[in-house]
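Welcome! Let's take a friendly look at a few loops and backbone details.

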Amino acid sequence: MKRLALTGICMLAATGLMSSAAMAAGGQDKILEFDTMVGVSRPYTGTANPIRGVNGGGLPWVIGPVEGELTIDGKLEIRVTGLVFADDPAVPIQNRGRNTVPNFRAIVSCQTVNMQTDPPSPQVLNVTTGLFPATEAGNAYIEAQVDLPQPCIAPIIFVTNPNGAWFAATGM
């Protein structure tokens with residue numbers, strides 16, 4: 001009997017530890033993990049075809065390797081490599097293959113629910129980070145905390161200029 005009680009106590013303690021560990025790790029649960037982004041191409045430059053209300057940069061851009069993730073608690077990390085103007089006739093020759101913007105931002109765009117309407121309705125909510133430095137080669141790293149709406153459905157991550165026009169977005 002003593003052995004059974006001790007086994008039960010150990011099992012309860014282990015379950016409690018596992019629950020605590022799961023709750024602690026829960027803050028790091030990933031909503032989105034990505035290793036590709038696409039640069040803004042001509043049809044999306046400027047104000048003609050915004051995505052979720054976010055206008056494209058004024059000229060075409062390309063992007064190299066990228067790593068990023070967004071967690072349920074709003075932690076956003078992005079490592080950007082080679083986000084530069086495209087080799088495109090619309091881009092002045094001297095700017096092709098270069099980044100001329102010293103700072104980028106990121107936008108997390110979520111589909112969410114507006115509970116202020118009756119009945120509740122869908123809405124887009126875009127959350128913007130602060131500025132983060134970028135090199136002329138188009139390399140940058142961001143680690144930011146954003147306030148995500150609940151729920152955050154189908155998130156899209158944008159890398160933008162300081163005014164919020166996107167240069168790269170999750171996708172391929």
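## Before we start

Helices (H or I, at least four residues) and strands (E, at least two) are DSSP runs, numbered from the N terminus. This is a predicted model, where local features need pLDDT of at least 70, side-chain atom pairs count only at pLDDT 80 or more, and totals for chains, interfaces and linings use all residues. Residues are numbered from 1 along each chain as its sequence is written, and side-chain values use heavy atoms, with hydrogens and water left out.

## Two positive phi angles

Arg-52 sits in the loop between S3 and strand S4 (54-56). Although Arg-52 is not a glycine, its phi is positive, about 50°.

Ala-154 belongs to strand S13. Ala-154, not a glycine either, has a positive phi of about 50°.

## Two cis peptide bonds

The bond from Asp-118 to Pro-119 is cis, with omega near 0°. Pro-119 is in the loop between strand S9 (103-114) and strand S10 (121-128).

The bond from Gln-150 to Pro-151 is cis too, with omega near 0°. Pro-151 lies in the loop between strand S12 (140-145) and strand S13 (153-160). Leaving out residues up to four places away in sequence, Pro-151 touches Gln-111, Thr-112 and Val-113; contact here means heavy atoms within 4.5 Å.
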